[in-house]
Amino acid sequence: RTGFQIPADGVFALGTENLKTQEAGLTGESKELRKNRLHPLLMKGTNVVSGEGLMVAVAVGERTEWGQLMAKLTDKRGLTPLQDRLKRLGAQIGWAGIVLAVVLFLVLVIYWAIDDRTDGVNRILGFFI
């Protein structure tokens, strides 16, 4: 119908003789194209300008011309040098935090054992067991 966007690539099956689509979004061609049995290809992402009809879908999703075009436009680059350095810096900060936490734990356990005048080793073992 007029105003609809075609949802899949397909072949014109039946409809009015004045079925026209605008494929500017896909091909860049601003001229309205007549679709009938002689020119049957309907492509996803194009708009119906006039008329109405039925089509048989032959491709959907990434298999359409529109989907293949969008797949070519995706950015498949790796990390930038700044992103790479920030990733390494984050890992280094994480490891430094873990080491600092372990050292602080050991210092506090030793301080607790020394500060307590009773039998420190047995008290520490009793605490953990």
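Eight nonpolar, two polar and two charged residues make up the lining of the largest pocket. This is a predicted model, where local features need pLDDT of at least 70 and side-chain atom pairs count only at pLDDT 80 or more, while totals for chains, interfaces and linings use all residues. Side-chain values use heavy atoms, without hydrogens and water, and residues are numbered from 1 along each chain as its sequence is written.

Back to that lining: strand S6 (residues 53–59) gives the most to it, with three residues. Strands here are DSSP runs of E, at least two residues, and helices are runs of H or I, at least four, numbered from the N terminus. Among the lining residues are Arg1, Phe4, Glu52, Gly53 and Met55.

Now for the salt bridges (a side-chain nitrogen of Lys or Arg within 4 Å of a carboxyl oxygen of Asp or Glu); the count comes to two. In one, Glu23 meets Lys35 at 3.1 Å, N to O. Glu23 sits in the loop between strand S2 (20–22) and helix H1 (24–27), and Lys35 in the loop between strand S3 (32–34) and strand S4 (41–42), so the pair ties together parts twelve residues apart in sequence. Both Glu23 and Lys35 are buried, where buried means under 20% relative accessible area, exposed over 50%, and partly exposed in between (1.4 Å probe, protein chains only).

Asp84 and Arg88 form a salt bridge too, at 3.6 Å, N to O. They're four residues apart in helix H3, so about one helical turn separates them. Asp84 is partly exposed at 34% relative accessible area, and Arg88 is partly exposed at 48%.

Terms used. On a 1 Å grid over the protein atoms alone, a cavity is a set of points where a 1.4 Å probe fits but cannot get out, and a pocket is an open set with protein on both sides within 12 Å along at least five of seven lines; lining residues have an atom within 4 Å of a point. Ala, Val, Leu, Ile, Met, Phe, Trp, Tyr, Cys and Pro count as nonpolar, Asp, Glu, Lys and Arg as charged, and the others, Gly among them, as polar.
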